[in-house]
Amino acid sequence: MSIFRRRGSSHHQQEQEQPELQSESKVNELKAALGPLSGRSLLYCTDACLRRYLEARNWNVEKAKKMLEETLAWRSTYKPEEIRWHEVAVEGETGKLFRANFRDRFGRTVLVLKPGLQNTTSMDNQIKHLVYLMENAMLNLPEGQEEMAWLIDFTGWSFTTSVPVRTAKDTINILQDHYPQRLAVAFLYAPPRIFEAFWKIVKFFMDPKTSQKVKFVYPKNKESVELMRSYFDVDNLPTEFGGKATMKYDHEDFSRLMAQDDVKAAKFWGFDQKTTSSTTGYAAGAAVAPEPIV
């Protein structure tokens, strides 16, 4: 916003500024309600973070405070920022969940999910893998961008490869309660009819705000395809999602990328990098590999 204004600013301009001032006021109110923070909690609770929790609770400061305090308690025990790729790498071997090498039209990080490629049985480790990649996606969001997009490919999905309802519920709770306002949109591409029954059960556990961000896309439904293409450039969109790009998941390449990102995460959270590389099992060369040239 320019510091220079025309004489007699319009009423319309003042109306536009009002929500911004109210937002800032609510953030300051929540900050005061939380009291002094230190360490990782202080790093986590940026103004943008407080705004997300306020939005998730319709700008009710007391409810946002409760939600955020529950997240801080969860983070202090689950320690999502300390998960390292080697702990969850086995989950990613088939490419069932990974960060894409392209962004949507708004510059947002994209997570690709392929539930039909499920390769493990440990529900706890599957959730840990998802949490790791959520943290990693947040680390790689462009400046000023808070949300990410999900692309879900149902090729090969069946009830035998689907997660139990209880695990789905636990996963939804973690994403809703501890990563509010992080999902911009989730496109479910060509889900089989039997998925609709599973979706009805899962949707019951979802906040209406979240479920509204979930979009079903059917290749023969022009309207749903057009909606998806309004979010993605067809030249970047992989063929399995109706685009023109070829996408091949390479586990070794992705593992090298995650090793580099683990170093970035350690630096952000203030970990001792020497300790990190020696305790995570990475070879020193892998841990300090240079950033790829884009």
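In this predicted model, helix α10 (residues 222–229) contributes the most to the lining of the largest cavity, supplying three residues. The search of the whole structure returns one cavity of 30 Å³ or more. A second topic of this briefing is the packing of helix α6 against helix α7, whose axes come within 11 Å.

**The largest cavity**

- The largest cavity holds about 40 Å³ of space.
- Its lining consists of Tyr-189, Val-217, Val-225, Met-228, Arg-229, Leu-237, Phe-241 and Gly-242.
- By class, the lining of the largest cavity comprises six nonpolar residues, one polar residue and one charged residue.

**Geometry of helices α6 and α7**

- Helix α6 spans residues 123–139 and helix α7 spans residues 165–178; their axes cross at roughly 25°.
- Because angles under 35 degrees count as roughly parallel, α6 is roughly parallel to α7.
- The crossing in which α6 passes α7 is right-handed.

**Residues in the α6–α7 contact**

- From α6, the contact draws on Met-123, Ile-127, Leu-130, Val-131 and Met-134.
- These residues meet Thr-167, Asp-170, Thr-171, Ile-174 and Leu-175 of α7.
- Seven nonpolar, two polar and one charged residues make up the contact of α6 with α7.

Key:
Residues are numbered from 1 along each chain as its sequence is written. This is a predicted model: local features need pLDDT of at least 70, side-chain atom pairs count only at pLDDT 80 or more; totals for chains, interfaces and linings use all residues. Side-chain values use heavy atoms; hydrogens and water are left out. Axes are lines fitted to C-alpha atoms, for helices over the stretch in contact, and angles run from 0 to 180 degrees between N-to-C directions. Helices (H or I, at least four residues) and strands (E, at least two) are DSSP runs, numbered from the N terminus. Angles under 35 degrees count as roughly parallel, over 145 as roughly antiparallel, 65 to 115 as roughly perpendicular and the rest as oblique. A crossing is left-handed if the near helix is turned anticlockwise from the far one by less than a right angle, and right-handed if clockwise. Contact means heavy atoms within 4.5 Å. Ala, Val, Leu, Ile, Met, Phe, Trp, Tyr, Cys and Pro count as nonpolar, Asp, Glu, Lys and Arg as charged, and the others, Gly among them, as polar. On a 1 Å grid over the protein atoms alone, a cavity is a set of points where a 1.4 Å probe fits but cannot get out, and a pocket is an open set with protein on both sides within 12 Å along at least five of seven lines; lining residues have an atom within 4 Å of a point. Grid points are joined across faces, edges and corners, and a volume is the space filled by probe spheres set on the points.
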